[in-house]
Amino acid sequence: MKRSEINGVIREFEAMLSKYSFALPPYLSFSPEVWETLGEEYDEIRDCALGWDVTDYGLGDYNSVGLALITLRNGKANDGKYKKTYAEKIMMLREGQLSPNHFHHSKMEDIINRGGGEVIFRLWNAAEDDGLSDTDVEVYRDGRRYKVTAGSEITLSVGESLTLHPRCYHEFTVKVGTGPALIGEVSKCNDDNTDNRFYEPVARFPEIEEDEAPYRLLCGEYPRAKSDRG
């Protein structure tokens with residue numbers, strides 16, 4: 001992705017959050033220049049990959065396949081320094097845009113439609129070989145449990161949510177004509193480097209073409225603490 005496109009998506013996301021009165025922690029407005037001055041007291045943000053995350057999954061067509069998200073809180077399961085056992089994200093998905101089919105090896109999550117368009121999910125059980133099973137999928141939806149045919153559509157209106165268990169393949173999009181959606185996630189600790197299994201191979205994080213200066217740093221771009229750099 002071009003940095004200019006990422007900058008534009010972040011500004012769009014900020015406007016949507018403002019529209020729905022979703023306030024962000026102060027560090028999400030820090031400029032790259034401010035990050036250069038910050039010490040080790042901000043290491044939780046660096047080490048747990050909190051903050052802005054914009055991806056086209058390496059496919060080069062963000063409008064069709066992509067996602068903008070913010071990790072607001074997270075822990076590290078194997079690091080006693082960060083003892084949170086939970087994570088929270090807020091996401092923006094444009095209408096017609098797809099978050100591609102994947103499952104998590106260990107993470108359980110609730111995905112919530114917080115505002116805007118209708119979010120359409122398709123679910124599959126993972127087969128033993130990590131392919132798509134054709135077995136019925138058990139759905140956990142705001143306290144209701146029922147089964148659906150593999151790959152059938154489940155539509156979440158504003159306020160509705162799904163609970164997704166490990167090894168449940170899921171892809172989601174926003175119904176065209178309903179506008180972009182603001183989507184929340186509450187989950188176990190999140191590790192995007194090891195816990196995602198995409199059905200079709202994609203890159204979780206994009207390569208970036210630096211055609212302009214960054215407006216905000218992404219969660220993998222923070223400089224180390226000033227004290228660590230000598």
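User: Which strand gives the largest share of the lining of the largest pocket?

Analyst: This is a predicted model: local features need pLDDT of at least 70, side-chain atom pairs count only at pLDDT 80 or more, and totals for chains, interfaces and linings use all residues. Residues are numbered from 1 along each chain as its sequence is written, and side-chain values use heavy atoms, leaving out hydrogens and water. A pocket is an open set of points on a 1 Å grid over the protein atoms alone, where a 1.4 Å probe fits, with protein on both sides within 12 Å along at least five of seven lines; lining residues have an atom within 4 Å of a point. Helices (H or I, at least four residues) and strands (E, at least two) are DSSP runs numbered from the N terminus, and the largest share here, 3 residues, comes from strand S1 (residues 51-55).

User: How much space lies in the largest pocket?

Analyst: Grid points are joined across faces, edges and corners. A volume is the space filled by probe spheres set on those points. For the largest pocket that comes to about 640 Å³.

User: Which residues are the closest to the centre of the largest pocket?

Analyst: The lining of this pocket counts 31 residues. The closest to the centre are Asn 74, Asn 190, Asp 191, Asp 192 and Asn 193.

User: How many residues in the lining of the largest pocket are charged?

Analyst: Ala, Val, Leu, Ile, Met, Phe, Trp, Tyr, Cys and Pro count as nonpolar, Asp, Glu, Lys and Arg as charged, and the others, Gly among them, as polar. The lining has 11 nonpolar and 10 polar residues. The charged residues number 10.

User: Which residues are the closest to the centre of the second largest pocket?

Analyst: The second largest pocket has a volume of about 160 Å³. It is lined by 13 residues. Those closest to its centre are Asn 125, Val 137, Glu 138, Tyr 140 and His 165.

User: Which residues have the most contacts inside the largest nonpolar core?

Analyst: A nonpolar core is a set of buried Ala, Val, Leu, Ile, Met, Phe, Trp, Tyr and Cys residues joined through side-chain atoms within 4.5 Å. Buried means under 20% relative accessible area, exposed over 50%, partly exposed in between (1.4 Å probe, protein chains only). The largest core has 29 residues. Those with the most contacts inside it are Val 119, Phe 121, Leu 123, Val 139, Ile 154 and Ile 183.

User: What is Val 139 in contact with, beyond its neighbours within four places in sequence?

Analyst: Contact means heavy atoms within 4.5 Å. With those neighbours left aside, Val 139 touches Leu 123, Arg 144, Arg 145, Tyr 146, Val 148, Ile 154 and Leu 162.

User: How many salt bridges does a search of the whole structure find?

Analyst: Side chains of opposite charge can pair when their charged atoms come close. The cut-off for a salt bridge is a side-chain nitrogen of Lys or Arg within 4 Å of a carboxyl oxygen of Asp or Glu. The search finds 20.

User: How many residues apart in sequence are the parts that Arg 94 and Glu 12 tie together?

Analyst: Their side chains form a salt bridge at 2.6 Å, N to O. Arg 94 sits in the loop between strand S3 (86-93) and strand S4 (98-104), and Glu 12 in helix H1 (residues 3-19), so the pair joins parts separated in sequence by 82 residues.

User: Which residues are linked with Asp 47 in a network of salt bridges?

Analyst: Asp 47 pairs with Arg 224 at 3.4 Å, N to O. Asp 47 lies in helix H3 (residues 43-47) and Arg 224 in the segment after strand S13 (196-198), so parts 177 residues apart in sequence are tied together. The network links Asp 47 with Asp 43, Arg 46 and Arg 224.

User: Is Arg 141 buried or exposed?

Analyst: Arg 141 forms a salt bridge with Glu 160 (3.2 Å, N to O). Glu 160, at 25% relative accessibility, is partly exposed. Arg 141, at 17%, is buried.

User: What is the phi of Ser 21?

Analyst: Most residues other than glycine have a negative phi. Ser 21 lies in the loop between H1 and helix H2 (32-35), and is exposed at 68% relative accessible area. Its phi is positive, near 55°.
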